[in-house]
Amino acid sequence: MPDIMVYLACLRQCLERTTLGRLSRVTEAMLAMTGRVTMRGLARWAGTGGSYRTIQRFFTTSINWATLQWVLIRHHLLEPDDVIVLGGDDVVVTKAGKHTYGLDRFFSSLYGKAVPGLGFLSLSLISVKHRTSYPVMLEQLEKQHTATAPEVSKKISSGKRGRPKGSKNQQRRDVELSPYLRFVQETSTRVLQMIGTSFTLVYFVFDGAFGHNAALQMVRH
């Protein structure tokens with residue numbers, strides 16, 4: 001196994017030395033261990049300097065994971081001549097219980113129905129050259145972030161073709177975004193602010209269910 005610190009050295013700009021050392025122990029243990037990943041299992045595989053107490057301290061440390069992932073992607077994965085696309089999709093993790101924060105029923109495409117669990121919005125930087133997705137930010141969905149489809153107008157047709165007489169043009173750019181689209185917009189804006197001037201993002205790829213005008217105006221804004 002290569003020395004993981006060679007790849008994690010770039011994280012010194014956003015992590016303290018002690019936290020970085022604990023991260024390296026946890027990473028080495030996760031790459032080496034088999035079976036279910038637990039804190040006790042990590043402590044057994046971490047070796048010297050990776051006691052159970054050290055693993056506990058690491059997971060109780062507040063870390064900006066989006067920044068860490070972006071730094072790793074920028075230093076080791078992106079190429080200057082590559083075309084990068086920002087992509088997003090919902091991720092559902094089934095979870096039992098009643099007291100987990102954010103626990104609700106979310107639609108899962110794998111099961112084809114709404115299942116009890118945790119919902120997340122995942123934003124990734126997609127390399128067109130290598131056809132690879134690099135997850136950069138993961139935010140948990142809450143109950144107020146409901147992805148409701150836009151209401152379809154059910155007007156009764158008069159039978160005449162063409163535009164009705166006297167109708168006026170409507171302002172389609174000033175739309176009221178749903179709570180879910182506002183959440184997506186806020187999250188994607190944070191990604192753009194984090195990336196800064198490293199490169200220019202031109203395209204945004206999202207679920208086909210949101211191929212409507214409100215989602216279009218969200219991306220434009």
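A nonpolar core is a set of buried Ala, Val, Leu, Ile, Met, Phe, Trp, Tyr and Cys residues joined through side-chain atoms within 4.5 Å. The views below come from a predicted model.

**View 1. The largest nonpolar core.** This core is made up of 18 residues. Within it, the most contacts belong to L8, L11, L15, L20, L23, L42 and L68. Two or more residues each come from the helices α1 (4-8), α2 (17-32), α3 (39-45), α4 (52-59) and α5 (65-76). The largest share, 4 residues, is supplied by α2. In soluble globular proteins, nonpolar side chains tend to be buried together.

**View 2. Surroundings of L68.** Leaving aside residues up to four places away in sequence, L68 is in contact with L11, C14, L15, L23 and I63. L68, L11, L15 and L23 are also among the residues with the most contacts inside the largest nonpolar core.

**View 3. A separate core.** Another core, of 14 residues, lies apart from the largest one. Its members include W70, L78, L86 and M137.

**View 4. Cysteines C10 and C14.** For C10, the closest cysteine sulfur is that of C14, 7.4 Å away. A disulfide requires two cysteine sulfur atoms within 2.5 Å, so the sulfur of C10 is too far from that of C14 for a bond. The closest cysteine sulfur to that of C14 is likewise in C10. The count for the model is 0 disulfides. C10 is buried because its relative accessible area of 12% is under the 20% limit. C14 has 29% relative accessibility and is therefore counted as partly exposed.

Methods:
Residues are numbered from 1 along each chain as its sequence is written. This is a predicted model: local features need pLDDT of at least 70, side-chain atom pairs count only at pLDDT 80 or more; totals for chains, interfaces and linings use all residues. Side-chain values use heavy atoms; hydrogens and water are left out. Buried means under 20% relative accessible area, exposed over 50%, partly exposed in between (1.4 Å probe, protein chains only). Contact means heavy atoms within 4.5 Å.
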